[in-house]
Every structure is written in C-alpha cells, then in structure tokens.
There are 2 protein chains.
Amino acid sequence: MTPSRETPSLLSVDHVLHTIAEDLSRRFAGVFAPETVERYVFESHTALARTAKISSHLAPLTERFARDRLIALAQAKGAAPHEVPEVLLVCVQNAGRSQMAAALLEHHAAGRVHVRSAGSAPAAAIHPHADEVMLEIGIDLGSAFPKPLTDDVVRAADVVITMGCGDACPLYPGKRYEDWDLQDPSDGSLEQARHIRNEIDRRVRQLLTEILPASATPN
Amino acid sequence: MTPSRETPSLLSVDHVLHTIAEDLSRRFAGVFAPETVERYVFESHTALARTAKISSHLAPLTERFARDRLIALAQAKGAAPHEVPEVLLVCVQNAGRSQMAAALLEHHAAGRVHVRSAGSAPAAAIHPHADEVMLEIGIDLGSAFPKPLTDDVVRAADVVITMGCGDACPLYPGKRYEDWDLQDPSDGSLEQARHIRNEIDRRVRQLLTEILPASATPN
C-alpha cells in the first residue's frame, strides 16, 4: 500500500459520495432528513461495491440506485406520486430473468405501470445471454444493472413477482405476491434464453391484463 | 395464496420489526432520528432475508445486526464510546475466514480491541468446518451469523482486514487496510480448515502486537 498514491483517490470517492448526498438531500428536502439521505447514498454504494467487479464506475450507479430507493420510500410514505401500479420483479442475480421481465413489462405497459427489479444475490453484471436475446427483439438492457433487494422497493410495490429467489422477499400485507417458476438463462444456451424470454413475455402480458383496467390492456 | 392463513403471520413480522425499531429508537434517542432507526431495522431484516435460508428466526438476528450497525454509526459520528481499536474483518461469505479471525482476535485481545466481521456475499450459515475446527480449540462460534458488509461498520473501523473479497470494501482515508491471502475453508477438507485456522491465529497474534501498545501485547 502506497499512501502517497492512494490518498487522492480515497478522498475523491468520499467527496463524490458526499456531493451526491448533498444534491439528493436538496431534492428530498422536507421529505427525508439529510442524515437519512446520506445513509442511503453510502449504504447504496457499499451494497453495489460488494458485488460489482469494477468499482471505478460506481458513483453514477450509486446516484441512480440511492435516488430510486428514496423515491420508493417516499412513495411508501405517501410523500411522492404513486399514480400507476408499482411492480417489483425479483430474481436471484438481477442479471437475467428479472431484468428481462422489467424491460418487457415497461415495453408493453408503455407508462401505465412503473417497474423496479432487484436480486437476492446480485451478479456483477447483466448476463450476456439476457442482453443478446432482448436485443433480438429490439429492447436494449444497456443502462440496467444488478441491484440487491432492499426493503424500500418492496414497501413501494403494489405487485411483487418473485422468480427463483425463495423466501428472500419480505411479505407485507396489502400487496399482490406471485411466484413465477422460470429457468435461469445463465444456466443454459442462447436458444434456452430465447425460450425463457418468450415465456416471460407471455406472463408479463397476462399480468398486465390482470393489473390494468380492462379498457387499458393491450390487444 | 390463502389470505386467511397468511395474513396473521404477515402482520406479525411487520409488527415485530416495528417493535424492534421503537425499542432501538428509544435507545438511540438524541443520536439518531426514529426514521433512521426504522430504516436500519427494516433494511437489516431484508439484507439478512436475502441470503438466510431460514427466515423464521430472523427477528432476533435483525435486532442484533441493526443495533450493532447503529452503534458503529454512532461511533463514526463520535456519539458512542470508541475506547479500544475497532477492527473489521471482511471475507466473501462471512462464514469461515472472517468468523474464525473475529473469534480468535476477540479471544487473544480479551477486551483490548473491539471486533466486527462481514462478508461481500454472505452465506446462509457458518460453515461446519469453521465451527468444528474452532470448537477443537475451545472457541464456540455458536451465536455468530453471516452478515453483509455495510458502510457503517467500515466507517467505525480503525483497522480493516480483507480476505479474498477483492475491492468489495470501501476505502476511506485514515484507516489501516490490510489484505490477508488465505484459502477458503469451505473449499477443502477439515484438515485444511485446521491449517487455515492456525494461519489466521498466527496473523491475528501478529496484528495485535502491531495495533496494541507494546506493554499490552500477549507473550
């Protein structure tokens, strides 16, 4: 360890996270105390660093993850808009099934639901098979990233769909829980990943017909 | 899903966690806002539920984990006693290496340091080999449990020892970081676990001579 080389970068990570916390504190002023926001930023960073292989690009992901968690918590408190059904999709790695389901649900819902996804044991990155079979149908997972399941996003959800993650997701009253029995695309071939994508697509369309008013469902 | 059977237990988990949050809020009154404490309790519960295989005994572990994280955060803020060096031991699963190191360090330090441990990808339970080889030398890991690495325990630490968890641990200025290159006892035989235990014991004794005043080190 060479302190003279490491100190600048150590200071700058801490500094960047504090700057993110200050910005988000301003955004959530009147809803959350700065202490809560700061904890969200630093714990979100550590949570992503635990499983991400490359830690150099974590600051922008930390900002997105912490901001979305704070929005979820604000929704659960009734302090942020909750105008469409909130759907949470949870699998193990948040790298295949739940990411494909989130992207397909967003695509078909076209703004009529809001979607989040998470994993019980997040992978370092989106699985290449999931990326590829989604691109084949014109959907880019480019900005998605694996995130651990947190309490706030469960609290904000109206509908929670679990896929292979056992009892990892807390059960709270007043929510619709559903478990989808699906293979994991990281275990098989690209052709198997296509089948899983198609099965998820079928289930996502079915879910939409059940959670949206009849007049608003797709043909 | 049978709501009539599930509702009581759903309500009771939520109720138990709220009761824990109220108790800890009283304990940390004047240090942390009730909002912060409540978030710590619920997020600690979800974090443990992500990886624990059995979710029925999580409430007592949630209380211990949340309480210790709040103490660590209070220490980092200067709002709780920090009278002896704080040492954090981090491995991947918090099921073998970091648990053995924590127990050995506590044993040899006999109150002269305070020890915490965590993992970047916590296992469901302590590894049986770790349990067994520690019992052979009269140390019981019985009440230990795998926990994810969190920001608060890093902030509270004076010394951070990492073992095989890559860049998972945030680097903050003003702390002593050390990486120990050790095999994982979950990969090998019981005899290999004994060797790892002995190697950890040697390193822990060496660490103590370095972080404690000369007059206080063991013979």
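Two strands count as paired here if DSSP finds at least two bridges between them. Helices (H or I, at least four residues) and strands (E, at least two) are DSSP runs, numbered from the N terminus. The model you are looking at is predicted, so local features need pLDDT of at least 70 and side-chain atom pairs count only at pLDDT 80 or more, while totals for chains, interfaces and linings use all residues. Residues are numbered from 1 along each chain as its sequence is written, and chains are lettered from A and ligands numbered from 1 in the order in which they are written.

Let's start with the sheet in chain A. Four strands form an open sheet in the order E2-E1-E3-E4, with parallel pairing. At its edges sit strand E2 (114-119) and strand E4 (176-179) of chain A, each pairing on one side only. Neighbouring strands are turned by 20 degrees against each other on average, direction ignored; axes here are lines fitted to C-alpha atoms, for helices over the stretch in contact, and angles run from 0 to 180 degrees between N-to-C directions. Further in, E1 (residues 86-91) and E3 (residues 159-162) of chain A pair in the parallel sense over four bridges. To find one of them, look for A:Val90, whose bridge partner in E3(A) is A:Thr162. Helix H4 (residues 97-109) of chain A lies across E1, E2 and E3 of that chain, and runs at about 175 degrees to E2(A).

Now move to a helix pair in chain B. H5 (residues 128-135) and H7 (residues 190-211) of chain B pack at an angle of about 65 degrees, with their axes 9 Å apart. Residues are in contact if their C-beta atoms, placed from the backbone, lie within 7 Å. On the H5(B) side the contact includes B:His129 and B:Val133, and on the H7(B) side B:Leu190 and B:Arg194 are among the residues involved.

Finally, how do the two chains meet? The contact takes 31 residues from chain B and 31 residues from chain A. On the side of chain B that touches chain A, H2(B) gives the largest share, ten residues.

Notes: Contact = placed C-beta atoms within 7 Å.
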